[in-house]
Amino acid sequence: MNLELDPEEKIMCPYNPAHYILRKRMNTHLVKCKKNYPESKLVECDFNILHKVPEPELRYHHDNCPDRKKIEVTVYQEEGVDINKYPIKSEAVPTEESWDDLNVPTYDPKKHCETKNVIRHLDVASAAKRREFRMQERKRIGLLNANAESKSNGETSKENIPNTSTQKPNFVLPARQQNRIDEEVPQSVADLVQRLAIDAKKAVIPKRKAAN
Ligand SMILES: [Zn+2]
Ligand SMILES: [Zn+2]
């Protein structure tokens, strides 16, 4: 008997629709019941020609034939070959390169910015500390600019660092911060140059002597 079918389910007798029998008792019932229908002819099972069953029982037999599974497994396996009309090609991906094996240090944005012409900003600190930080930043960028300038003036550098001291920076500080800069004393010549670049309008042009 097929394991997937509920043995406690009542099913209709193939000989008499008035007989509702538990599935697990059907075989016994059929032996008795078929005696009332001696004229029914024997037919072959679809799954095994050696199975000869009375015609009314054929459907019941097909549902429970022990050879059904063997046949169905082969049929579905053969069908399976043709089912996939558009198979996915297995691409040969080169696997020589493994980034796990590379010994590259972790990227540290803080360290990276320290050596670049990037204005850093201190977010969480007291006003005095932030002010001190700004001053240090100005000094650091001034030094970087001075280094870049001396490099570009000397040998033809491969790094191609832009000479920022003569270029106008591509940022504009808010008015409040510009005033702050004016309050503070410049730390170096490079710093002064940068200040002029930031706020060119405020640059002091010495007056010409009136007498000519
Ligand atoms: Zn019956
Ligand atoms: Zn059979």
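This is a predicted model: local features need pLDDT of at least 70, side-chain atom pairs count only at pLDDT 80 or more; totals for chains, interfaces and linings use all residues.
View 1. Donors are N, O and S atoms within 2.8 Å of the metal (3.2 Å for Na, K and Ca), and water is not among the atoms, so sites may look incomplete.

**View 2. Donors of the zinc ion (ligand 1).** Cys13 (SG), His19 (ND1), His29 (NE2) and Cys33 (SG) coordinate the zinc ion (ligand 1) at 2.0 to 2.3 Å. This site is tetrahedral, with angles of 98 to 122° among its 4 donor atoms. The donor residues are spaced C-x5-H-x9-H-x3-C in sequence.

**View 3. Histidine 29 and cysteine 33 in helix H1.** Because they are 4 residues apart in helix H1 (residues 26-33), histidine 29 and cysteine 33 are separated by about one helical turn. Helices (H or I) are DSSP runs of at least four residues, numbered from the N terminus. Both residues are buried, that is, under 20% relative accessible area (1.4 Å probe, protein chains only).

**Notes.** Residues are numbered from 1 along each chain as its sequence is written, while chains are lettered from A and ligands numbered from 1 in the order in which they are written. Local features need pLDDT of at least 70, side-chain atom pairs count only at pLDDT 80 or more, and totals for chains, interfaces and linings use all residues; side-chain values use heavy atoms, leaving out hydrogens and water.

Note on methods. Four donors count as tetrahedral if all angles lie between 85 and 135 degrees; four count as square planar and six as octahedral if opposite donors are over 155 degrees apart and all others between 65 and 115; anything else is irregular. Helices (H or I, at least four residues) and strands (E, at least two) are DSSP runs, numbered from the N terminus. Buried means under 20% relative accessible area, exposed over 50%, partly exposed in between (1.4 Å probe, protein chains only).
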